[in-house]
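Here is a short briefing on one protein chain. Keep the sequence and the 3D view side by side as you read.

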Amino acid sequence: MPTELGEYLRACRARISAEQAGIPSSGHRRVPGLRREELATLAGVSSDYIVRLEQGRVKSASPAILSALARALNLRPDEEDYLRQCAAGADSAASRARSSAPRRQRVSPATQLLLDSLTGVPALVLGRRMDILAWNSLGAALITDFGRLPPERRNLIWLTFLDPDVRGLYARWDTVARECVAYLRMDAGRYPEDPELARLVGELSMKDADFRRWWSTHQVRAQHYGRKDFVHATAGELSLDFQVLDVRGTVDQTLLVYTAEPDSRSAQALAFLAGWAPAKQPAPQG
């Protein structure tokens, strides 16, 4: 029976060409990407082993083999991490231990106090599945009034795909949305049997064709930093850098902070939004 490990390996094989892997071209290929025997040669294993991995007939793979597969497939560090998570999940005992339903997440009073003190930058605390656990006033002013949403709708990827106002907020929606899918897929590697994640993926797959297509590609990405362009109804156009920081002493909680370059048009727009936010946004609610 196919497993996430097998599906991920097939997806990674399809994304890398023979030329990219250093294999001379041998004419027309019926399907894109590396053949199983080519991956086996590059990784130093048998073709039969690759077949059994992809068909879910191997319970576990050694760290050395996983490293060899990652090198052969030119995986980034976060992609290799996901490969290892999938391999760990292939062992049913490990999967049960790692996939038990996670407890409901809450932020500590100290973390909420930190958010409230960040008056000049939009900030959110994200949990598993990109759930929005807490926010500051400017974070709500930038994205949406989270306090008016029911708790089950306080999820960044759900809002990105299914809330028209949030969807229209991003100048390059398709780039942001693809990254969100890759972040969520990374989370699925840590909790492959999380029922709430399964419900979220099911709803998004049913309601949005783009999500359904991008989820099937098995792209993964760890959240670190980057830049997003916004078209805000009140503040206009903003180009903001973002950083994602671990909240120490917690499990699966990260602090997402947006900043603007000093003296830029975006910094002016953010300052305007900060002055507007307290009067327009209610106090954050956890």
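Helices (H or I, at least four residues) and strands (E, at least two) are DSSP runs, numbered from the N terminus. The model is predicted.

**Overall picture**

- The protein has 14 helices and 5 strands.
- Its C-alpha atoms fill a box of roughly 65 × 40 × 35 Å along the principal axes.
- The chain has 286 residues, and 47% of them are buried.
- Take the contacts with a separation of 6 or more: residues 24 or more positions apart account for 58% of them.
- The accessible surface is about 14500 Å², and carbon and sulfur atoms hold 52% of that.
- There are 38 positive and 34 negative side chains. The centres of these two sets lie 4 Å apart.

**The annotated domain**

- An unreviewed UniProt entry carries the annotation "domain: HTH cro/C1-type" for residues 33-83.
- In the model, residues 33-83 are 65% helix and 0% strand.
- The end C-alpha atoms of this stretch are 18 Å apart.

**Helix α2 and its surroundings**

- Helix α2 covers residues 36-43. Its residues E38, L39, A40 and A43 are buried.
- Which helices do the buried residues of α2 pack against? They pack against α1 (4-15), α3 (47-54) and α4 (63-72).
- Just after α2 comes G44, with a positive phi of about 75°.

**L9 in helix α1**

- L9 sits in helix α1.
- Is L9 buried or exposed? L9 counts as buried because its relative accessible area is 0%, and the cut-off for buried is under 20%.
- Beyond its neighbours within four places in sequence, L9 is in contact with L53, E54, L69, L73 and L83.
- L73 is one of these contacts. L9 and L73 are 64 residues apart along the chain, yet their C-alpha atoms are separated by 8.9 Å.

**Two nonpolar cores**

- The largest nonpolar core has 47 residues. Within this core, F146, I157, F161 and F211 touch the most other members.
- Helix α11 (residues 173-190) gives the largest share of this core, 8 residues.
- What does F211 touch, leaving aside its neighbours within four places in sequence? F211 is in contact with I157, F161, V181, L184, V201, L204 and S205.
- A second, separate core has 30 residues, including A18, L53, A61 and C86.

**D187, a buried residue in helix α11**

- D187 is placed in helix α11.
- D187 counts as buried because its relative accessibility is 6%.
- Past its neighbours within four places in sequence, D187 is in contact with R128, R129 and L197.

- N74 is not a glycine, but its phi is positive, about 55°.
- N74 is found in the loop between α4 and α5 (77-90).
- N74 has a relative accessible area of 48%, so it is partly exposed.
- D252 also is a residue other than glycine, and its phi is positive, near 60°.
- At 22% relative accessibility, D252 is partly exposed.

- R106 is in the loop between α6 (92-99) and α7 (109-117).
- Why does R106 count as exposed? Its relative accessibility is 59%, and exposed means over 50%.
- R106 and T250 are 144 residues apart along the chain. Their C-alpha atoms are separated by 9.6 Å.
- N136 is in the loop between β2 (132-135) and α8 (137-142).
- N136 counts as buried because its relative accessibility is 2%.
- N136 and T3 are 133 residues apart in sequence. In space they are 40 Å apart, C-alpha to C-alpha.

Definitions and conventions
Residues are numbered from 1 along each chain as its sequence is written. This is a predicted model: local features need pLDDT of at least 70, side-chain atom pairs count only at pLDDT 80 or more; totals for chains, interfaces and linings use all residues. Side-chain values use heavy atoms; hydrogens and water are left out. Buried means under 20% relative accessible area, exposed over 50%, partly exposed in between (1.4 Å probe, protein chains only). Contact means heavy atoms within 4.5 Å. Accessible areas come from the Shrake-Rupley method with a 1.4 Å probe; for residues, only the protein chains shown count as cover. Lys and Arg count as positive and Asp and Glu as negative; His and the chain ends are not counted. The place of a charge is taken as NZ of Lys, CZ of Arg, CG of Asp or CD of Glu. UniProt positions are given in the numbering used here, feature names are shortened, and annotations may be inferred rather than shown by experiment. A nonpolar core is a set of buried Ala, Val, Leu, Ile, Met, Phe, Trp, Tyr and Cys residues joined through side-chain atoms within 4.5 Å.
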